[in-house]
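Colleague: I would like to go through the pockets of this protein with you. Could you bring up the structure?

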Amino acid sequence: MNFKLGTFQISLLLFFWMCTSCNAQTKNTSTKLVGGGCEGCEAIFEYGNKKLAPTDTLPEYENNEPKLKITGTVFKKDGKIPAENVIIYIYHTNRQGIYEIKDNEIGWAKRHGFIRGWVKTGKDGLYTFYTFRPVAYPNGIEPEHIHITVKEPDKNEYYIDDYLFNDDPLLTQETRKERKNRGGSGIIKPKEKNGILLIERNIILGKNIPNYE
């Protein structure tokens, strides 16, 4: 059977094809990841059935010294308005400088270990973690650090600058200069208070974060 399209039908098909192409292009250009690539950032969703609160205590807190309290306020991009419903995920090494596992981990816990925690900010934007001070990797190449990922309600998850300790001898001037200050500076001077090391860091969402609108 011979089937011929008229001029009007051909024009109509071309019109729909052009519209579809334009829509596809627009969709592709709007899917840039906030913060760029981030290996392992999806671990922020691995809290399971845990009900998140503004405060969390990481595993092995009671069994390690020095104990550490990490606290601060999460602000919106203007640096003034507290940010609500922001999930924060952190993880770090044990006192031997390794990401400790129990051999029953699943997901990213196989690499991040079980010393990790999650919080979710309230209306005041406050967050607090109770943990202990980690140790640098056994090779001594990198300074002591705590990894951190954030997830805003309307954006994809992204990492910000690690927590670093200002008194760490491995924190060289070169390393300090290499920091991108994502979310603000992560270099913190610990202060001892009531037998616990206290580090305070306010987080500014979107600060120095690529593709952030």
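Modeller: Strand S6 gives the most to the lining of the largest pocket, with four residues. Please keep in mind that this is a predicted model.

Colleague: Which other elements supply at least two residues of that lining?

Modeller: Helix H2 (109–112) and helix H3 (173–178) each do, alongside strand S6 (145–151).

Colleague: How many residues line the largest pocket, and which lie nearest its centre?

Modeller: The lining has 25 residues, and Tyr91, His145, His147, Tyr159 and Asp162 lie nearest the centre. By type, the lining divides into 10 nonpolar, six polar and nine charged residues.

Colleague: What is the volume of the largest pocket?

Modeller: The volume is about 550 Å³. The second largest pocket holds about 220 Å³ of space.

Colleague: Which residues line the second largest pocket?

Modeller: Among them are Glu46, Lys50, Pro59, Asn104, Phe114, Arg116 and Trp118. Five of the lining residues are nonpolar, three are polar and four are charged.

Colleague: Changing topic, what is the average pLDDT of the chain?

Modeller: The protein chain averages 89, and 85% of the residues score at least 70.

Colleague: Which elements have the lowest and the highest mean pLDDT?

Modeller: Helix H1 (residues 7–29) has the lowest, at 39, and strand S3 (residues 87–91) the highest, at 99. Residues 1–5 also have pLDDT below 50, with three contacts in the model beyond near neighbours in sequence.

Colleague: And how many contacts does the model have for residues 7–30?

Modeller: There are three contacts beyond four places in sequence, and pLDDT stays under 50 over residues 7–30.

Definitions and conventions. Residues numbered from 1 in each chain as written. Predicted model: local features only at pLDDT ≥ 70, side-chain atom pairs only at ≥ 80, totals over all residues. Heavy atoms only, no water. 1 Å grid on protein atoms, 1.4 Å probe; cavity = no way out; pocket = protein on both sides within 12 Å on 5 of 7 lines; lining within 4 Å. Points joined across faces, edges and corners; volume = space filled by probe spheres on them. Nonpolar A, V, L, I, M, F, W, Y, C, P; charged D, E, K, R; others polar. pLDDT = per-residue confidence, 0-100. Contact = heavy atoms within 4.5 Å.
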